[in-house]
Amino acid sequence: MKESIYNICELLQANSNVLWNAKLLATFQVIINKILRSLINEGKVAVFVNNILVGMKIEKGHDKIVEEVLRRLKENNLYIKPKKYV
């Protein structure tokens, strides 16, 4: 009986962690969407959870969009991991 109680507790804790992570990611998504709203609406940037994609049909102007994204992140005390920047 004790073992089953511990297993249930472990399961509840695991589910709690999953729910917490889901809420955290959803909140982060809302924050990033607010910060980059105009760029998203113009179709220059797409955001999915913690990935920011800069997509341009032509290469001209790409660097300016990347600089704008980085500027907005910095203004809001956010940063990117250099190893994720490709």
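Predicted model: local features only at pLDDT ≥ 70, side-chain atom pairs only at ≥ 80, totals over all residues.

Analyst: Residues are numbered from 1 along each chain as its sequence is written, and side-chain values use heavy atoms, with hydrogens and water left out.

User: How many helices and strands are there in the protein chain?

Analyst: The protein chain has 3 helices and 2 strands, arranged from the N terminus as α-α-β-β-α. Both kinds are DSSP runs numbered from the N terminus: helices are H or I of at least four residues, strands E of at least two.

User: Why does Arg-72 count as buried?

Analyst: Buried means under 20% relative accessible area, exposed over 50%, and partly exposed in between (1.4 Å probe, protein chains only). Arg-72 has 15% relative accessibility and therefore counts as buried. Arg-72 belongs to helix 3 (residues 62-75). Of the 86 residues in the protein chain, 14% are buried.

User: What does Arg-72 touch, not counting residues up to four places away in sequence?

Analyst: With contact meaning heavy atoms within 4.5 Å, Arg-72 touches Ile-35, Leu-36, Arg-37, Ser-38 and Leu-39.

User: Where is confidence lowest in the protein chain, and where is it highest?

Analyst: Confidence is expressed as pLDDT, the predictor's confidence in each residue, from 0 to 100. The lowest mean, 65, belongs to helix 1 (residues 2-35), and the highest, 94, to helix 2 (residues 37-41). Over residues 1-9, pLDDT stays under 50.
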